[in-house]
Amino acid sequence: MVDGIRTRDGRRLTVEEHGDPDGTPVFLLHTTPGCRFGGVPEEVLAARRDIRFIAYDRPGYGDSDRRPGRRVADAAADVSDVADALGLDRFSVLGRSGGAPHALACAALLPSRVRRTAALASPAPPDTRELSWFDGMAESHVQEYTRALTDPLAFAERLAARAADIRRDPAQLLVSLRDGLTASDRRIVSDPVVGATLLRNYREALGGSAYGWLDDELALLSDWGFDPATATRPVLLWHGALDTISPVGHFKWLADRIPRVRPVLQPDAGHFGAIEALPAVLDWLCSAPGRATP
């Protein structure tokens, strides 16, 4: 079911639900770039009929209105508005890759509403002095982020051109993703089901413009607007030790600071290994307190 809701400041967010309307509510916060199709593959959704999945396009993606200058922290207000529109009091949140910091924002800023949070392959805030943010990162991503930090206008123009190319041929972003990936990541991305999910995700996310992508990148590279150490709800932090997009140092930094963290470091996984971890992560999100999974 697809719907549009209005936020408290009047913006429209496109929302889609899957699963059991009476099931355990779980918000899915998508990747960067991404949209409501980019959180969990359809086969995983279909296997969990006991969950009420709620996904939405972050501002500027798909059919959701843009919010220029947004910060990562602003996701908490959007999730709260969607929950209000759907009549939900409490819920869990799952974010993967670029969606993971937004999930952590919900854990920190919505303590009375968020039951549990899972952050998979999350980057750390860029402004910490205790972390060499680029260490272990693929050179292509170092160059992209450096360009965003040193020449935002050129970066915006580059993303707009890439988005236009992807609209013509979404498969090209899938091909470019393989640069710098581990063997395990290339295996996962080459899977037909995963590939189809990613292509649908990119096609919808960038169908209108590159604004969502641009605003996501700038938000992730700026002050997040909250401290992950203030996340008082239980947080499952999953990471692949071989990740070259969000290097393992980011995981260690977050794991050292989030109070009620359950750190899971997969030694033979890269960035996209988070997709294969989803079934166990969903088990934990929906389990009773104290359960040891995953």
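I count a residue as buried when its relative accessible area is under 20%. The model I am reading is predicted.

**Helix H4**

I started with helix H4, residues 139-150. Its 12 residues should span 16 Å at 1.5 Å a residue, and I find the end C-alpha atoms 16 Å apart, which agrees. I then listed the buried residues of H4: His141, Val142, Glu144, Tyr145 and Ala148. Seen down the helix axis, these buried residues fall within an arc of 165°, so they line one face of H4. I looked up what that buried set packs against, and noted helix H5 (152-168) and helix H9 (211-220).

**Helix H8**

I ran the same check on H8. This helix has 14 residues and reaches 20 Å from its first C-alpha to its last, close to the 20 Å expected at 1.5 Å a residue. My list of its buried residues reads Val194, Gly195, Thr197, Leu198, Asn201, Tyr202 and Ala205. They cover an arc of only 160° around the axis, which puts them on the same side of H8.

**Helix H10**

For H10 I noted the buried residues His250, Phe251, Trp253, Leu254 and Ala255. These pack against H3, S7 and strand S8 (261-266).

**Nonpolar cores**

Which residues have the most contacts inside the largest nonpolar core? I noted Val72, Leu104, Leu198, Phe226, Leu254 and Phe272, in a core of 50 residues. The elements that give two or more residues to this core are helix H3 (100-109), H4, H5, helix H7 (183-190), helix H8 (192-205), H9, strand S7 (235-240) and helix H10 (248-255). H3 gives the most, with five residues.

I followed one of these residues further. Leaving out residues up to four places away in sequence, Leu198 touches Leu174, Val189 and Phe272.

**Aromatic rings**

I searched the whole structure for aromatic pairs and got four. Trp133 counts as buried, at 10% relative accessibility, whereas Phe134 is partly exposed, with a relative accessible area of 29%. Ring pairs link Trp133, Phe134 and Tyr145 into a cluster. Tyr145 is also one of the buried residues of H4 in my first entry.

**Charges over rings**

I then looked for charged side chains over rings. The charged end of Arg200 sits over the ring of Phe37, 3.6 Å from its centre. Arg116 lies over the face of Trp284, at 4.4 Å from the ring centre.

**Asp65**

Where does Asp65 lie? I placed Asp65 in the loop between strand S4 (51-56) and helix H2 (74-86). Asp65 counts as partly exposed, at 31% relative accessibility. Leaving out residues up to four places away in sequence, I find that Asp65 touches Arg6, Arg11, Arg12, Pro59 and Gly60. I also checked Arg6 by C-alpha position: Asp65 and Arg6 are 59 residues apart along the chain, and their C-alpha atoms are separated by 9.8 Å.

**Backbone**

- The peptide bond from Thr32 to Pro33 is cis, with omega near -10°. I located Pro33 in the loop between strand S3 (24-29) and helix H1 (42-47).
- Ser97 is not a glycine, yet I read a positive phi of about 55° for this residue. Ser97 lies in the loop between strand S5 (91-96) and H3, and counts as buried at 12% relative accessibility.
- Ala121 is not a glycine either and has a positive phi of about 55°. I placed Ala121 in the loop between strand S6 (114-120) and H4. At 0% relative accessibility, Ala121 counts as buried.

Definitions and conventions. Residues numbered from 1 in each chain as written. Predicted model: local features only at pLDDT ≥ 70, side-chain atom pairs only at ≥ 80, totals over all residues. Heavy atoms only, no water. Helix = DSSP H or I, 4+ residues; strand = E, 2+ residues; numbered from the N terminus. Expected span 1.5 Å × (residues − 1). Buried < 20%, exposed > 50% of the residue type's maximum accessible area, 1.4 Å probe, protein only. Arc of directions from axis to C-beta. Contact = heavy atoms within 4.5 Å. Core = buried A, V, L, I, M, F, W, Y, C linked by side-chain atoms within 4.5 Å. Phe/Tyr/Trp six-rings, centres within 6.5 Å; stacked < 30°, edge-to-face > 60°. Lys NZ or Arg CZ within 6 Å of the ring centre and 35° of its normal.
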